[in-house]
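The sequence and the coordinates are shown first, and the description follows.

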Amino acid sequence: MQVIAGAINTVYNWARSNSLWPLTFATSCCGIEMMSVSSANYDIARFGSEVFRGSPRQADLLIVAGTITQKMAPALLKLYEQMAEPKYVIAMGACACSGGMFRENSYSVVRGVDKIIPVDVYLPMCPPTPESLLEAIINLQKKIRTQDIFDRDDEIKAHKSRLKFDIDQKDLLICIDDDKYFEIEVG
Amino acid sequence: MNYFNISYFPDYVYIPLYYLIGFIVVAVLMLFVVLFLVLLERKLLGFFTVRVGPNRVGFHGALQTVADAIKLLFKEDIIPLKADKLLFTLSPILVFAPIMTVWAYIPFNGFFAVQNSVVGSLIFLSLLSFPILGILFAGISSANKYSLLGSLRACAQTLCYELPIFISLLSVVILSGSLDLNDIVSAQSINNNCFGWFIIPSLLGFITFYISSVAMMNRVPFDFPEAESEFVGGYHTEYSGMKFAMFFLAEYASMFILCAFMATIFLGGFLSPFGKYISDFLPLSDLIKTPLIFIEQFFWLILKTMVLVVAVIWTRATLPRLRIDRSLEFFWKLILPLSILNIFIVCLIKLFMGAR
Ligand code: SF4
């Protein structure tokens, strides 16, 4: 039994780590760097990730490239929920990691996307260079290769326990900062 | 089919067995062809845009598409809450099945096509107009406005490319006097070299057929049904995992098989361009030579098909997507009249050159 599970794991991890199809999702300046990653100088296609999908149903990788405002947060959560398992998130740029230069005095920016969705790889810098995005993808691939196909449920549960709101509710209230609430419907 | 009739099986064993074997051959061939074509496309797109393309998985990225296929197999299958479950599940099959069926009609060499038919070319093109039903159902059933708009566009476009494609086929039928694909190929072997191919009298027909078949494959510059910059993913927006993979598979399979059809009716199919086959010059007995010639015929057909496939990919890398109204105008006002004009030219050639 364990041998079979091990074999499945090897094949499955090899396949999904080598074909991470990103979602076309960019909210601000970091998006420009993400676009240049698929150009001739950097060529994300080498890792099999040049297939940018428009529809979240077919994407595996959500690269959060840019500032997430509180208006955008519900949309981000919705996109993440619409993606099919297995799904991964790279928080690209200081804004997505922690709020970046908007962290101190902004009235509208989410301080890090990990308040909303689980993040696999954090990529700070403002903006990250294309090479560092490639490195983030390589790191994500390394991480995937050590994962177990049967552990995914536990990971999701662990993430849910970290959140400050109940993600399974139909009409749910997101608590992003301590004093601000937003309503969102996930259907 | 006659070739195999020497077997000692009774008919009720033999006929199902024959079609089972035919099915397995087609299915396996198709899977490999699609895996290869996707890789070829990604590599060529890399080449055209001065990149390297996938090169990490396997030898120079040779296993990239295998990884993609396995990942899509394992991916979660989502059916939207408001979707019509039956139609939603059925439509990828409706798209995929006709495209797989038509593989049986191409004569891959002088003696083997899974199914010979006196109206082979007609059946081929008619079956290829079926997938539009699947696309329409996919759009209606997935309860998503982008899907619906994409599939409606696909229908609008179907009307405008089906006519030129059939009229261009008509020119070939006039030249050869038959709808049977085997007869069409043998009618092109009259001159015993590449000057007998129908692309020469019916060059205009070849061009209109090529353009319309690019539209039939739903590829750039005519990929409105799945235009990513306009409607997320078009008719397959809501599809994930294996169902999406079937749409993907169908697109590439139809690309290959339409190119093979084009090679068959315009470029002499499995005929060698020099009239004689290379194996003819080898000092061998007929017993060995005959199978060698069959393999060589297969090789010529695949070679011609691959040239056309690369042309299609090249078109994709070069041209931007047209606007929908411009494209409809292009088909109705330019391609359709051109293909009708081609019929006249071909008729005149047939009249004055006599029996070619
Ligand atoms: S991290 Fe810097 S470059 Fe990236 S979105 Fe924020 S401000 Fe822009």
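**Chain A and its sheet**

The model is predicted. Chain A contains six helices and five strands, and from the N terminus on the order of its elements is α-α-β-α-β-α-β-α-α-β-β. Of the 187 residues in chain A, 55% are buried. Among the contacts in chain A with a separation of 6 or more, 74% are made by residues 24 or more positions apart.

In chain A, three strands build an open sheet in the order β1-β2-β3, with parallel pairing. Strands β1 (61-65) and β3 (121-123) of chain A each have a single partner strand and stand at the edges, so one side of each has no neighbour in the sheet. From one strand to the next, the twist averages 15°. Strand β2 (residues 88-92) of chain A is joined to β3(A) by three bridges, and the two run parallel. A:A91 has A:Y122 in β3(A) as its bridge partner. Helix α5 (residues 130-145) of chain A packs on this sheet and touches β1, β2 and β3 of chain A. The direction of helix α5 makes about 150° with that of β2(A).

Two loops of chain A hold cis peptide bonds. One such bond joins A:E85 and A:P86, with omega about -5°; A:P86 is in the loop between α3 (72-82) and β2 of chain A. Another joins A:C126 and A:P127, with omega about -10°; A:P127 is in the loop between β3 and α5 of chain A.

**The contact between the chains**

Chain A contributes 34 residues to the contact and chain B contributes 31 residues. Together the two chains bury about 2700 Å² between them, of which 59% is on carbon and sulfur atoms. Five salt bridges are found across the interface of chain A and chain B. One helix of chain B illustrates how elements of both chains come together: the buried residues of α2(B) are B:Q64, B:T65, B:A67, B:D68, B:I70, B:K71 and B:L72. What covers these residues includes α1 (2-18) of chain A, together with α1 and α9 (241-266) of chain B.

**Salt bridges**

Over all chains, the count of salt bridges comes to 13.

| Residue | Partner | N to O distance |
|---|---|---|
| A:D60 | B:K75 | 2.9 Å |
| A:E50 | B:R42 | 2.8 Å |
| A:K143 | A:D120 | 3.0 Å |
| B:R316 | B:E41 | 2.7 Å |

A:E50 and B:R42 form a salt bridge. A:E50 lies in the loop between α2 (30-37) and β1 of chain A, whereas B:R42 lies in helix α1 of chain B, so this pair joins two chains. A:E50 counts as buried at 18% relative accessibility, and B:R42 is buried with a relative accessible area of 8%.

A:K143 forms a salt bridge with A:D120. A:K143 is in helix α5 of chain A and A:D120 is in the loop between α4 (93-98) and β3 of chain A, so the pair ties together parts 23 residues apart in sequence. A:K143 is partly exposed at 32% relative accessibility, while A:D120 is buried at 18%.

B:R316 and B:E41 also form a salt bridge. B:R316 belongs to helix α10 (residues 286-318) of chain B and B:E41 to helix α1 of chain B, so this pair ties together parts that are 275 residues apart in sequence. B:R316 is partly exposed at 31% relative accessibility, and B:E41 is buried at 2%. B:E41, B:R219, B:E251 and B:R316 are linked in a network of salt bridges.

**Local features of chain B**

Which buried residue has no salt bridge? It is B:E162, and the nearest side chain of opposite charge, that of B:R219, is 16 Å away. B:E162 is in helix α6 (residues 145-176) of chain B. Leaving aside neighbours within four places in sequence, B:E162 is in contact with B:S129 and B:M216.

Two residues other than glycine have a positive phi. The phi of B:H60 is near 50°, and B:H60 lies in the loop between α1 (11-48) and α2 (64-74) of chain B. B:A143 has a phi of about 50° and lies in the loop between α5 (131-141) and α6 of chain B. At 48% relative accessibility, B:A143 counts as partly exposed.

How values were computed: Residues numbered from 1 in each chain as written. Chains lettered and ligands numbered in written order. Predicted model: local features only at pLDDT ≥ 70, side-chain atom pairs only at ≥ 80, totals over all residues. Heavy atoms only, no water. Pairing = 2+ DSSP bridges. Helix = DSSP H or I, 4+ residues; strand = E, 2+ residues; numbered from the N terminus. Axes fitted to C-alpha atoms, helices over the stretch in contact; angles between N-to-C directions. Contact = heavy atoms within 4.5 Å. Buried < 20%, exposed > 50% of the residue type's maximum accessible area, 1.4 Å probe, protein only. Lys, Arg positive; Asp, Glu negative; His and termini not counted. Salt bridge = Lys/Arg side-chain N within 4 Å of Asp/Glu carboxyl O. Buried area = accessible area lost by both parts, 1.4 Å probe.
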